[in-house]
Amino acid sequence: MSEDATSGPRPGKTYGTYLRVDELLDLQTLSSDPPEHDELLFITIHQVYELWFKQILWELDRAVVLLGQDERARASHTLGRVRTIVKVLVSQLDVLETMTPLEFASFRAHLESGSGFQSAQFREVEFALGLKDPAAVRRAEHEAARERLRRRLEAPSLWDALLAHLARTGHPVGSTAPGDVPGPATQDAVEDMLLRLYREDPGAALLCEAFTDLDEGVQEWRYRHVKMVERTIGAKPGTGGSAGAAYLRTTIRPAFPALWTVRSRF
């Protein structure tokens with residue numbers, strides 16, 4: 001039986017129901033009363049960040065699985081996607097910087113103790129990359145977040161997955177010849193392995209460059225975040241008890257330091 005053209009579309013998913021648009025658009029609740037115009041921008045930007053963090057974690061977990069299967073090309077492709085997402089994170093700061101210090105000050109008090117420092121998902125991203133800080137587990141604001149971070153703390157990181165993949169494909173850390181017993185994974189031993197790898201295995205070197213691209217992108221985002229905070233609140237302390245820009249400057253460090261330090265040895 002054909003559908004009557006006058007009866008409208010058959011029941012089923014629509015754009016709005018599939019994406020749950022109504023629920024999504026109901027999540028931007030302003031705390032200022034009367035509403036301060038720029039608070040909506042601030043909320044929207046940070047909610048979008050959390051969505052991107054969720055996607056980054058999804059992709060990093062996929063990359064770990066692919067490396068565990070020695071799917072080098074597909075893992076590199078996944079890391080390239082994450083790098084592109086990080087570029088979007090950087091570009092969002094351009095939008096946030098259209099807000100002047102006075103416009104931010106108009107609603108800043110309504111944040112109370114809220115701070116990006118408390119983002120459990122971003123801490124998960126750090127842990128997934130290999131930047132693991134057990135103290136961050138204790139600082140998480142609720143038990144569900146603490147449990148997620150505990151799992152990330154105990155799970156192999158992306159860097160762990162890379163080293164394991166390289167060892168399986170002929171590049172163990174601490175070994176200089178077939179049959180040698182690998183030594184401890186010291187920084188020097190990792191650099192020695194990388195130096196050999198770059199000279200002998202172009203495919204593995206390209207994978208390491210994908211890791212370096214991602215690491216550079218994350219550091220770029222951190223740097224731009226620092227400058228945005230300095231531009232908006234200067235040297236003031238951040239909300240949530242952090243030291244503001246002074247603290248953020250200390251976070252601009254590589255997740256995969258051996259990939260950077262080895263370059264002085266080429």
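Okay, let's start with a definition: helices here are DSSP runs of H or I with at least four residues, strands are runs of E with at least two, and both are numbered from the N terminus. With that in hand, Asp70 lies in the loop between helix 3 and helix 4 (72–96). I'll come back to that residue.

First, the housekeeping. This is a predicted model, so local features need pLDDT of at least 70 and side-chain atom pairs count only at pLDDT 80 or more, while totals for chains, interfaces and linings use all residues. Residues are numbered from 1 along each chain as its sequence is written, and side-chain values use heavy atoms, with hydrogens and water left out.

So, the overall picture. The protein chain has 13 helices and zero strands. Of its 266 residues, 39% count as buried. Buried means under 20% relative accessible area, exposed means over 50%, and partly exposed is in between, with a 1.4 Å probe and protein chains only. The accessible surface of the protein chain is about 15,200 Å², and carbon and sulfur atoms own 58% of that; the areas come from the Shrake-Rupley method with a 1.4 Å probe, and for residues only the protein chains shown count as cover.

Now contacts, meaning heavy atoms within 4.5 Å. If you take contacts in the protein chain between residues at least 6 apart in sequence, 69% join residues at least 24 apart.

Let's go inside, to helix 6 (120–129). How many of its ten residues are buried? Ten of the ten, so this helix is mostly covered. Among them are Arg123, Glu124 and Glu126, along with Phe122 and Phe127. What covers them includes helix 3, helix 7, helix 8, helix 9 (158–168), helix 11 and helix 12 (245–250).

Helix 8 is another one to look at. It runs over residues 143–154, twelve of them, and reaches 16 Å from first C-alpha to last, close to the 16 Å expected at 1.5 Å a residue. The expected span is 1.5 Å times one less than the number of residues. In helix 8, Ala145, Leu149 and Arg152 are buried. They cover an arc of only 55° around the axis, which puts them on the same side of helix 8; that arc is taken from the directions from the helix axis to the C-beta atoms. Their cover includes helix 3 (39–68), helix 6 and helix 7 (134–139).

On to the aromatics. A search of the whole structure finds eleven aromatic pairs. Take Phe104 and Phe107: the ring centres are 5.4 Å apart and the planes are at 90°, so this pair is edge-to-face. Rings of Phe, Tyr and Trp (its six-membered ring) pair if their centres lie within 6.5 Å; planes under 30 degrees apart count as stacked, over 60 as edge-to-face, and the rest as tilted. Both Phe104 and Phe107 are buried.

Next, the region around Trp260. The charged end of Arg263 sits over the Trp260 ring, 6.0 Å from its centre; the rule is NZ of Lys or CZ of Arg within 6 Å of the ring centre and within 35 degrees of the ring normal. Which residues does Thr212 contact, leaving aside neighbours within four places in sequence? Tyr198, Leu259, Trp260 and Arg263. Thr212 is found in helix 11 (residues 202–233) and is buried, at a relative accessible area of 5%. Leu259 also turns up next to Leu194, which touches Cys208, Ala258, Leu259 and Val262, not counting residues up to four places away in sequence. Leu194 is in helix 10 (residues 187–200) and counts as buried at 0% relative accessibility.

Asp70, as promised, has a positive phi of about 60° although it is not a glycine, and at 32% relative accessibility it counts as partly exposed. Arg20 has a positive phi too, about 55°, and is not a glycine either. Is Arg20 buried or exposed? Exposed, with a relative accessible area of 53%; it sits in the loop between helix 1 (15–19) and helix 2. Finally, the peptide bond from Asp33 to Pro34 is cis, with omega near 5°, and Pro34 is in the loop between helix 2 (21–25) and helix 3.
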